[in-house]
Amino acid sequence: PARRIDKLPIAFVMSYHAKRWTLDDAHKHATMTPGELDHFDAIGLTGETAHVDGIEYFEADKGWWLRTYDITRTEPGPPTQQLGEHEKWIDVNLKRQTLVAFEGMTPVFATVFSSGRNEHETVPGVFRIREKHISATMDGDAELASDGPYSIEDVPYIQYFNGSYALHGAFWHAEFGHVKSHGCVNLAPWDAKALFGW
């Protein structure tokens, strides 16, 4: 679902039946246009919004509109003051389930991910990547995982940032954009590979 970018915001299609919409000049009426958008499509936004019949719409940079409940969108916070002028950093938005990679103040990559669910919520904070592994086994025992012990071999492109929490590829689900993990930041394998190499 990732997109190489040079500007924000970006929307990611979360609905399996999302449509493009056209709004009249007064933004009083919305008309569906033919064709569906694909799940996980990445679409540039202008930043313009409108409300029609109680539904919020976001304008795509191609001139058509998206309904807010069909998408999630990037909404990164400010960089920490600990960064150098051109240093690489990653914003992980737990509310939106979007990730944006930056070089200094320039966004270069955006995607959706899955953070921790229920009692496994991903811990917010500012962290540095402390170690990286191309692949490894990740596991948890029954005391830590209330839904039972687990062990997954060959988890790809792991970047540990806080204890056993990591950014990594997840080939066992495709629920990106929704909470799903045991606290890690789950990425589609190709997204994890791109971030790992970056």
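How many bridges join β10 to β11? Six do, and the two strands run antiparallel. This is a predicted model. The briefing covers an open four-stranded sheet, a helix on that sheet and two separate nonpolar cores.

**Sheet**
- The strand order is β1-β11-β10-β9, with antiparallel pairing.
- β1 (3–4) and β9 are the edge strands, each pairing on one side only.
- Helix α1 (residues 189–197) packs on this sheet and touches β1, β9, β10 and β11. Its direction makes about 155° with that of β11.

**Hairpin β9–β10**
- Six bridges join β9 to the antiparallel β10.
- Four residues lie between the two strands of this hairpin. Gln97, in the turn, has a positive phi of about 60°.
- Val92 stands opposite Leu99 in β10.
- On β9 (residues 88–93), Trp89, Asp91 and Asn93 make up the covered face. Lys88, Ile90 and Val92 make up the uncovered face.

**Nonpolar cores**
- The largest nonpolar core has 13 residues. Phe12, Val112 and Phe176 touch the most other members.
- β2 (10–13), β10 (98–103) and β11 (106–112) each supply at least two residues of this core.
- A second, separate core has 12 residues, including Phe109, Phe161, Val185 and Ala194.
- Beyond its neighbours within four places in sequence, Phe176 contacts Met14, Phe40, Val112, Phe113, Ser114, Ala170, Asn186, Leu187 and Ala188.
- In soluble globular proteins, nonpolar side chains tend to be buried together.

Notes. Residues are numbered from 1 along each chain as its sequence is written. This is a predicted model: local features need pLDDT of at least 70, side-chain atom pairs count only at pLDDT 80 or more; totals for chains, interfaces and linings use all residues. Side-chain values use heavy atoms; hydrogens and water are left out. A nonpolar core is a set of buried Ala, Val, Leu, Ile, Met, Phe, Trp, Tyr and Cys residues joined through side-chain atoms within 4.5 Å. Buried means under 20% relative accessible area, exposed over 50%, partly exposed in between (1.4 Å probe, protein chains only). Contact means heavy atoms within 4.5 Å. Two strands pair if DSSP finds at least two bridges between them. Axes are lines fitted to C-alpha atoms, for helices over the stretch in contact, and angles run from 0 to 180 degrees between N-to-C directions.
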